[in-house]
Every structure is written in structure tokens, then in C-alpha cells.
Amino acid sequence: MADRDTAEGALGLVQAFVNTVDLQDGPEELTDSNTLKAWLVAHDLIDAGAEVHESDLKHARALREAIRGVIGANTGGAVYPVDVATLNEAASASRLRARFGQDGRARLEPDADGAVGAMGRLVAAVFASMAEPDWTRLKLCGSLTCRWAFYDRSRNHSSRTMASCGNREKARRFRQHARHRA
């Protein structure tokens with residue numbers, strides 16, 4: 001949808017991963033190990049020759065929802081222990097380590113290869129994004145049936161829902177109010 005603003009860089013990667021499923025209207029992009037692999041290759045998180053298994057798909061979906069949970073804190077939601085544990089497990093399994101590039105800048109990189117390493121790269125992207133001021137602009141739609149990750153471009157960072165969901169909610173309330181008057 002046009003009102004689903006997107007972020008850039010590591011924050012955009014995090015947003016894109018979380019939005020691989022539209023909880024309200026579908027579809028699920030990560031339907032099997034092949035679609036997971038295609039998504040990871042397309043986002044330069046894994047080599048095209050790497051193997052991805054169904055167990056990797058299960059972990060990727062769990063990580064996606066843990067990241068969604070952490071993003072929810074930007075809109076006042078609670079961060080649940082299961083989300084923290086899932087993120088920590090992905091970081092540990094991928095053996096994330098601090099590395100310094102040729103430019104002297106620090107970053108986290110996984111020592112693991114394959115899908116496990118790719119999940120580590122996603123955790124590293126969350127970590128890097130959280131260090132940036134724009135992290136708090138990445139929010140979840142306030143509609144409980146939606147929870148799409150969107151980038152809040154409002155001046156005062158006050159958006160709680162996307163325009164499409166807000167319009168749907170207004171129309172629902174209008175119809176409900178009209179029924180009660182009749």
C-alpha cells in the first residue's frame with residue numbers, strides 16, 4: 001500500500017523482513033525453505049549456493065515475530081521475554097562478533113554460514129538500527145489485526161496507525177454508529 005512508508009539502510013532491511021507477512025490480508029512470503037532462501041539471497045544475506053532447510057524457515061519466522069515484538073516497543077507495546085530469548089538465541093547461534101572494517105567502523109558479523117549466519121546478519125541489522133535516532137520511527141500499526149511495520153514520517157513522530165488502517169477503522173465506527181441510530 002502507498003501509505004506504508006519504508007525506511008532505508010539497515011532499518012529498511014529490518015522493516016522488510018518483518019513485513020514478509022501481511023498479518024491482516026496476507027500473503028506470507030516465506031512459505032517454504034526455497035522462498036526463504038530467495039528472500040535472503042535477494043537481500044544479500046546469504047550466498048545463492050547455500051542450503052536452507054525447513055528448520056531454518058521455522059527459526060526465521062520466529063525471529064521475524066521477535067523483531068516485530070521489539071519494534072512494538074516503539075509504539076508503547078511490551079517487549080516479551082520470549083522475543084528477547086529468540087533474539088539472543090539467533091545472536092548466539094550465529095556467533096555474532098564485533099568486527100572493524102577498513103574504514104575503522106565497528107559492526108557485528110556472524111561467524112556462522114548459511115541461514116544461521118543470515119539470521120545473525122538480521123540481528124546485527126536490528127542492533128545497528130537501534131543505535132540510530134530513526135529507530136523510534138519504525139513502528140507497528142496500532143490495528144491489532146494488522147501490526148505492519150511502518151516508518152513514521154510525521155514531524156512529531158506521533159503516528160499510531162497507517163492511513164489505510166485508520167481509514168478502515170473510521171469507516172467501521174461510522175457504520176456501527178449509523179446502525180445504532182437506525
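These legends walk through close-up views of one predicted model. Residues are numbered from 1 along each chain as its sequence is written, and side-chain values use heavy atoms, with hydrogens and water left out. Because this is a predicted model, local features need pLDDT of at least 70 and side-chain atom pairs count only at pLDDT 80 or more, while totals for chains, interfaces and linings use all residues.

**View 1. The whole chain, for orientation.**
The protein chain has six helices and four strands; helices (H or I, at least four residues) and strands (E, at least two) are DSSP runs, numbered from the N terminus. Along the sequence the pattern reads α-α-α-α-β-β-α-β-β-α. Of the 182 residues, 39% are buried, where buried means under 20% relative accessible area, exposed over 50% and partly exposed in between (1.4 Å probe, protein chains only). Take the contacts (heavy atoms within 4.5 Å) with a separation of 6 or more: residues 24 or more positions apart account for 50% of them.

**View 2. Helix α5 and what packs over it.**
Helix α5 covers residues 114–130, 17 residues in total, and its C-alpha atoms span 25 Å from first to last. That is close to the expected 24 Å, the expected span being 1.5 Å times one less than the number of residues.

**View 3. Helix α1, mostly under cover.**
Seven of the ten residues in α1 are buried: Leu11, Gly12, Leu13, Val14, Gln15, Phe17 and Val18. Their cover includes α2, α3, α5, β3 and β4.

**View 4. The Phe17 and Trp39 rings.**
The count of aromatic pairs comes to one. Rings of Phe, Tyr and Trp (its six-membered ring) pair if their centres lie within 6.5 Å; planes under 30 degrees apart count as stacked, over 60 as edge-to-face and the rest as tilted. Here the centres of Phe17 and Trp39 are 5.4 Å apart and the planes sit at 50°, so the pair is tilted. Phe17 belongs to helix α1 and Trp39 to helix α2, 22 residues apart. Phe17 is buried at 1% relative accessible area, and Trp39 is buried too, at 8%.

A nonpolar core is a set of buried Ala, Val, Leu, Ile, Met, Phe, Trp, Tyr and Cys residues joined through side-chain atoms within 4.5 Å. The largest one here has 36 residues, and Leu40, Leu63, Ile67 and Leu122 have the most contacts inside it. Helices α1 to α5 each give two or more residues to this core, as do β3 (138–140) and β4 (149–151). Setting aside neighbours within four places in sequence, Leu63 touches Phe17, Thr86, Leu87, Ala90, Met119, Leu122 and Val123.

β1 and β2 run antiparallel and are joined by five bridges; strands pair if DSSP finds at least two bridges between them. Arg97 has Glu109 in β2 as its bridge partner. Five residues lie between the strands, and Gly104 takes a positive phi near 85°.

Cys141 is buried at 3% relative accessible area, and Cys146 is buried at 1%. The whole structure has zero disulfides, a disulfide being a pair of cysteine sulfur atoms within 2.5 Å.
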